[in-house]
Amino acid sequence: MPEDKPTGSRGNDLRHVCIIMDGNGRWAKKRFMPRFAGHKAGLSTVRKIVSSCVEQEIEALTLFAFSSENWRRPQKEVGLLMELFATALTREVKKLHENNVQLRIIGDLSAFSEKIQTLINNAINKTAGNTGLVLNIAANYGGRWDITQAARKMAYEVQQGKLAAEDITEESIENYLSLKDLPEPDLFIRTGGEKRISNFVLWQLAYCELYFTDILWPDFNKPQFQDAIDSFRSRQRRFGRTGDQLKEE
Ligand code: IPE
Ligand code: IPE
Ligand code: MG
């Protein structure tokens, strides 16, 4: 069951935001630029949204950077995205660290080159002790992959006698998912106009508020982010109850 009053220790009703950053390619195309220019512009939007989350004392931000399906793109684009990922892991970490941000990368990381895996480990280790915003970058991530890897880990533990089948509950499953130990996402945003989940976090979206906007990711700035937050705040989260019940509380 989701928590009744999901306000964290920071007193914020918005604890975890997850975003599908979509529309980079179309943003570039509109400007007669190569798709990669859109991805680069998208990275500067990431900086702005991270800074906004830090300012607003949000506990966690989860960004979909590369899906398990994105390997199907032309090889050249995949290669350029990997280069951009490596550059970001090298250049952005210092500033994140200064802002007390804890960086995590979620997804099947075994598919990345050794160089990228080393950069990921360095970045994660450097910021591991930070107590501010937890920034999850979903890379080679898929919601179905996440549930599958959790099921596999649990099955091994049952096989080894470490876990009893009766102890597999909704709560215990969460401890095996990539977003374990974080509050469930409260607000899901997708930019770029599509109204689909594209295999992003699936389990945790069960009671999340969904927000879709046509704005392309490189054009999504602090005011547009604030519009999404305002929309979230105008909604009544009932978690199965009636509106009248909530008024009585
Ligand atoms: C999202 O933008 C970024 C990634 C998937 C890496 P797109 O590249 O999907 O942009 P559009 O949807 O083609 O405009
Ligand atoms: C979803 O965007 C993945 C990321 C933003 C990383 P896509 O542009 O790949 O999604 P689809 O394929 O249009 O659903
Ligand atoms: Mg897209």
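Predicted model: local features only at pLDDT ≥ 70, side-chain atom pairs only at ≥ 80, totals over all residues.
Reader: Which residues is D22 in contact with, leaving aside neighbours within four places in sequence?

Author: Here you look for heavy atoms within 4.5 Å. With those sequence neighbours set aside, D22 touches R190, T191, G192 and E194, and also I215, L216 and W217.

Reader: Now the ligands. Which residues are around ligand 1?

Author: D22 shows up again, together with M21, G23, N24, G25, R26, R35, H39, A65, N70 and R73. To read a shell like this, ask which elements supply it. α1 gives the largest share, 3 residues, while α1 and α2 (35-55) each supply at least two.

Reader: Which polar atoms lie by the oxygen atoms of ligand 1?

Author: For a polar contact, you want a pair of N or O atoms within 3.5 Å. A polar side-chain atom of D22 is 2.9 Å from an oxygen of ligand 1. From R73, a side-chain N or O atom lies 2.7 Å from an oxygen of this ligand. G23 takes part through its backbone, with a polar atom 3.4 Å from a ligand 1 oxygen. As for cover, ligand 1 has 380 Å² of accessible area on its own, and the protein covers 87% of it.

Reader: What about ligand 2: which residues are around it?

Author: That list holds I20, M21, D22, F64, A65, F66, S67, N70, R73, R190, R196 and S198. Strand β2, residues 60-67, gives the most to this shell, with 4 residues.

Reader: And how far are the side chains of R73, R196 and S198 from oxygen atoms of ligand 2?

Author: Read them off one by one. R73 has a polar side-chain atom 3.2 Å from a ligand 2 oxygen. For R196, a side-chain N or O atom is 2.7 Å from an oxygen of the ligand, and for S198 the distance is 2.6 Å. Taken alone, ligand 2 exposes 390 Å², of which the protein buries 78%.

How values were computed
Residues numbered from 1 in each chain as written. Chains lettered and ligands numbered in written order. Heavy atoms only, no water. Near = heavy atom within 4 Å. Polar contact = N/O pair within 3.5 Å; in protein donor to acceptor, adjacent residues only side chain to side chain. Areas by Shrake-Rupley, 256 points an atom, 1.4 Å probe, with all protein chains shown as cover.
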